[in-house]
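Subject: Handover of a structure and notes on its contents

Dear colleague,

Please find the structure below, followed by an account of what was found in it.

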Amino acid sequence: MDKDYVERWNAAVQAFDDGDVETSLDRFQAMENAPACVLYNSAVILTRLERHEEAAQKLTEAVEKDPYFAIALFKRGCVHFQEKKYEEAIEDFETCARLFRFARHIDYAQNGIGGLSVRLLLSDTTFNAGVCHFMTGNQLKGMNLLLQAKSEADAKSCMIINRCLASLQESAEQFNPQLMQLPETALLFRPLRSFSVRPKDFLGSSKVIASRQGSNSPTSSQENLTKVPVSRRTSLPPFETTMQIPPPPCVPPPRRPVEQTLRRTSSSGTVAEC
C-alpha cells in the first residue's frame, strides 16, 4: 500500500469525521482496487444515507474479497433486516457466527490492514439470528437462539436479551424487536499507524557523552577523540586488541612400524625371507 493510497484513505476518513458524508463517500468510491475494509466503509456511509441496496452490494463485494470478513456479514444481515429480507439476514448472521470458531468475540482493532475500535460479539450475532427467525414465524428456533445468546452474552447484552424475552412472554404477537447494532463511536476502518506516511527518525543523532581522553564533556570528548590515532581508538590496550595465537606444540613425527620378516613358501617347499 503506497503513500498516495494511504493519504486518500485518510482524506476520506477525515471528511467523514468533519460531517461531510457525501465527500467522504465519493473519495472512498474513487479508490481503485479497494480492499474489503474500504468497501465496508462505503457501505456504512450508504447505510447512513438510507441507500440500503447499494450498501448491501458494497458489503457483498467486501465478502467476495474476504470470505472471512465477519463484520461485513453482520452488517449485511442488519441491512437485509431493515429491508425485511429476513431469510437473507438469517443466512448472513448464521454464516457470521460460524466464523467465530469457538471465540466469544473478534477484535477488529488488531486487524492487519485497517483498524476499527470495536469488538464483534458472538452473542449479538446469535441474538440477531434468533430475532430474524421470530420474524419468519419460526418461534421455537428463535427462542432457542435467544437463550443461547443469553448464555454467551456479557452483562450489558444480557440485560437487553432479558428485556426481549420479557416482552415475548407478555405478548408474542406484538413482539417488535430491535437488532444488536455496532456502536456508533467507531464506524469506519482507519489506516493503522504502521501505514504512517511521514518519515520517522527512530535512531536519532548520536553524540559522545564520555571519553577516556581529557574531560567528560561531549565537546572536549569529540575533540580529544579526533586526536587519538585510529589504531588506538578502542577501550582496550593495543596489546589486548589482537588475540595472540600460540604456536602449535612440537609433536614428534610418527614412528615407523617395526619391520616384520615375512616368509613365503615357494612351490618347491623352501622358505624364502623377505
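Is Ser42 buried or exposed? Ser42 is buried, with a relative accessible area of 2%; buried means under 20% relative accessible area, exposed over 50%, and partly exposed in between, with a 1.4 Å probe and protein chains only. The residue is placed in helix α3. Leaving out residues up to four places away in sequence, Ser42 touches Leu25, Phe28, Gln29 and Lys58, where contact means heavy atoms within 4.5 Å.

Please note that this is a predicted model, in which local features need pLDDT of at least 70 and side-chain atom pairs count only at pLDDT 80 or more, while totals for chains, interfaces and linings use all residues. Residues are numbered from 1 along each chain as its sequence is written, and side-chain values use heavy atoms, with hydrogens and water left out.

Overall picture

The protein has 11 helices and six strands. These elements are DSSP runs numbered from the N terminus, with helices being H or I of at least four residues and strands E of at least two. Of the 274 residues in the protein, 37% are buried. The accessible surface comes to about 18,500 Å², and carbon and sulfur atoms account for 51% of that surface; the areas come from the Shrake-Rupley method with a 1.4 Å probe, and for residues only the protein chains shown count as cover. Among contacts between residues at least 6 apart in sequence, 54% join residues at least 24 apart.

The nonpolar core

The largest nonpolar core has 66 residues. Such a core is a set of buried Ala, Val, Leu, Ile, Met, Phe, Trp, Tyr and Cys residues joined through side-chain atoms within 4.5 Å. The members that touch the most other members are Phe28, Tyr40, Phe69, Ile71, Tyr108, Leu120 and Phe189. Helix α3 (residues 36–48) gives the most to this core, contributing nine residues.

Packing around helix α9

Two helix pairs involve α9. In the pair with α7, the axes come within 11 Å and cross at roughly 15°; axes are lines fitted to C-alpha atoms, for helices over the stretch in contact, and angles run from 0 to 180 degrees between N-to-C directions. Helix α7 is therefore roughly parallel to α9, since angles under 35 degrees count as roughly parallel, over 145 as roughly antiparallel, 65 to 115 as roughly perpendicular and the rest as oblique. The crossing of α7 and α9 is left-handed, a term used if the near helix is turned anticlockwise from the far one by less than a right angle, with right-handed used if clockwise. From α7, Ser123, Asp124, Phe127 and Phe134 meet Ser157, Ile161, Cys164 and Leu168 of α9.

Helix α8 (residues 139–152) packs against α9 at an angle of about 150°, with the axes 9 Å apart. This angle makes α8 roughly antiparallel to α9. Met143, Leu146, Leu147, Ala149 and Lys150 of α8 make the contact with Cys158, Ile161, Asn162, Cys164, Leu165 and Leu168 of α9. The crossing of α8 and α9 is likewise left-handed.

Ser123 deserves a separate look. Ser123 lies in α7 (residues 122–135) and is buried, at a relative accessible area of 4%. Beyond its neighbours within four places in sequence, Ser123 is in contact with Ala149, Glu152, Ala153 and Ser157. The C-alpha atoms of Ser123 and Ser157 are separated by 7.8 Å, although these residues are 34 apart along the chain.

Leu73 is placed in helix α5 (residues 70–82) and is buried, with a relative accessible area of 3%. Apart from residues up to four places away in sequence, Leu73 touches Val63, Asp92, Thr95, Cys96 and Leu99. Leu73 and Thr95, 22 residues apart along the chain, have C-alpha atoms separated by 7.5 Å.

In helix α6, Glu87 is exposed, with a relative accessible area of 54%. Its C-alpha atom is separated by 7.6 Å from that of Cys132, 45 residues away along the chain.

Backbone points to check

Arg101 is not a glycine, yet has a positive phi of about 55°. It is found in the loop between α6 (86–98) and β1 (105–107) and counts as exposed at 58% relative accessibility. Phe102, in the loop between α6 and β1, also has a positive phi, near 70°. Phe102 is exposed, with a relative accessible area of 88%.

Yours sincerely
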